[in-house]
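Please look through the structure below before reading on.

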Amino acid sequence: METTMRELKLAICSGARADAPAGQRDGEISIFTLDDDLKTIRLRARTQAAPSPSFLGWAEKTSTLYVASEIGVGDGRLTALDLSGPDPVERNHLSTGGNAAVHLCQDRTGKYIFVANYHGGPHAGPASVAVFSLKPDGAIDRLTATAVHQGHGPDRKRQKEPHCHSVMISPDNRLLVAADLGTDSLCLYRFDAARGAITLASELKLPPGTGPRHSVFHPSRPLLYVTGELSSTLLTVAVDSVAASGDLIGSMAATRQHAASRNYPSGIAVSPDGHFVLAANRGADRITVYWIDPESGTPTIRDETACGGLFPRAIRFDPSSRLLAVANQNSDDVCIFGWDFAKGALSAAPLAKIAIPRPLDMVFFD
C-alpha cells in the first residue's frame, strides 16, 4: 500500500540587496513547497505585494499570510495575502500608524492582530503598538487601538528613543507584552478582546542596556522568555496576566561562544512541550538550546548548534515541531534542521538549505 507524502509549505520574506535591480529593491516573499524527506524543494510563487517585508504571521483558518513592512520613510504597513490559490493575492493593506513595522502576532481568537513599530516620529505616525480587527475572510478590517512608548536607554546609538521590537499575547489572551529595545522595558497591556482595545497596566524595566528584542510565552506556565539583543542575554520573566504585571526572575548569557564581534540574540521559540527554549545568536552564529527547569521555570544552556550560515535573524518550528527553519540573513540562505523531541536536540547539521537573498523571517504552513 502506498503512503501519501505530506507536502509542507514555507513562506520566506527577504530583504533587498543594495545592488539588486531597481524593481527588486523592496524585497519580496517567496513560497516554497517541501516534501517530508526534504529532498524535493520547489519554488511555488513569488510576490512583491508587500514592500520591505520584515515579519510574517499565518492564519490557517483563512489561508492568510500577514506581513509587517519595515518601510524606511513614512508609515509602516500591514498586508494580508490570500495563499489559498496557486499564487499569492493581496486581500488588502493598512498603515500601522508608525514607522518600520517589524513584528506582529494574532490574538488567540484570530479576530485581531497586533503590530510593533520600531519607529514613530516626524516621518510617520507616533504609534509604537497598533491593533487591528480582522474580517471573517482574513482581510484587515480597521485600526482599533494604538499605544505610544516613551523613554530611552543608555546606548547612544541604539537607544536614543523608543524602539518597539515585538508584541506577544499571553495564552489566555488577556495580556499583551510589547518589548521595547529603545527603553529597556516590557510594556504590559490589558487586552479587551470585545473591543480590540489595549490599556497600559505596568511597565517592567529591565537592566539598563538590555535591549529586549523578541519574547515567547511558556505554553503552560506563567513565564515569558526574552532575548536581550544589546546585552546578549536570555531573560526569564514571571507574569501575572490577571494583574497585568511581570517580575524578572532570571538572566543568563545567550551563548557560551565568543564572537569575533558583538553577539546579538534575535529570534526565539519554545518547544510545544514546554521543556526547551531555543534562541538564535547573530555574531556567534549559533542556535542555543536551553533546558527549562521543571520547578523554577528558568532555563540553562544545554547545547549550541552552528546555524549553517551567518547572522541568524529568525527561527521557526514547523506545525509538527519536528523541523526548525533558520533565516541566515548574511549568508543568503534558510537552513532547515531536524528537532528531536526525545533528546531535546537539533540535528548536528542542516537537513536542507534554501538559497535566498537576505532572508528575514519565514513561516511554515500546510
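In what order do the four strands of the open sheet that contains E16 and E19 stand, and is their pairing parallel or antiparallel? The order is E16-E17-E18-E19, and the pairing is antiparallel. Strands here are DSSP runs of E with at least two residues, helices are runs of H or I with at least four, and both are numbered from the N terminus. Two strands pair if DSSP finds at least two bridges between them. Strand E16 (212–217) and strand E19 (245–253) are the edges; each has a single partner strand, so one side of each has no neighbour in the sheet. On average, neighbouring strands of this sheet are turned by 25 degrees against each other, direction ignored. The angles are taken between axes, which are lines fitted to C-alpha atoms, and run from 0 to 180 degrees between N-to-C directions. Within the sheet, strand E17 (residues 223–228) and strand E18 (residues 233–240) run antiparallel and are joined by six bridges. Leucine 223 has alanine 238 in E18 as its bridge partner.

The model is predicted: local features need pLDDT of at least 70 and side-chain atom pairs count only at pLDDT 80 or more, while totals for chains, interfaces and linings use all residues. Residues are numbered from 1 along each chain as its sequence is written, and side-chain values use heavy atoms, with hydrogens and water left out.

Another open sheet of four strands has the order E20-E21-E22-E23, with antiparallel pairing. Its edge strands are E20 (264–270) and E23 (299–306), each of which pairs on one side only. Seven bridges join E22 (residues 286–292) to E23, and isoleucine 292 has proline 299 in E23 as its bridge partner.

Strand E14 (residues 185–192) has six buried residues out of eight. Buried means under 20% relative accessible area, exposed over 50%, and partly exposed in between (1.4 Å probe, protein chains only). Strand E13 (residues 175–180) runs antiparallel to E14, with six bridges. Eight bridges join E14 to strand E15 (residues 197–205), also antiparallel. Both hairpins contain a positive phi: aspartate 184, near 55 degrees, in that of E13 and E14, and glycine 196, near 70 degrees, in that of E14 and E15.

In the protein there are zero helices and 29 strands. Its radius of gyration is 19 Å, close to the 21 Å that the globule rule gives for 366 residues, so the protein is as compact as a globular protein of that length. The radius is taken over C-alpha atoms, and the rule is 2.2 Å times the number of residues to the power 0.38. Of the 366 residues, 59% count as buried.

Side chains of opposite charge can pair when their charged atoms come close. A salt bridge is a side-chain nitrogen of Lys or Arg within 4 Å of a carboxyl oxygen of Asp or Glu, and the count comes to ten. Glutamate 229 forms one with arginine 213, at 2.9 Å between the closest N and O atoms. Glutamate 229 also meets arginine 282 in a salt bridge of 3.4 Å, N to O. Glutamate 229 lies in the loop between E17 and E18 and arginine 282 in strand E21 (residues 276–282), so this pair ties together parts 53 residues apart in sequence. A network of salt bridges links Arg158, Arg213, Glu229 and Arg282.
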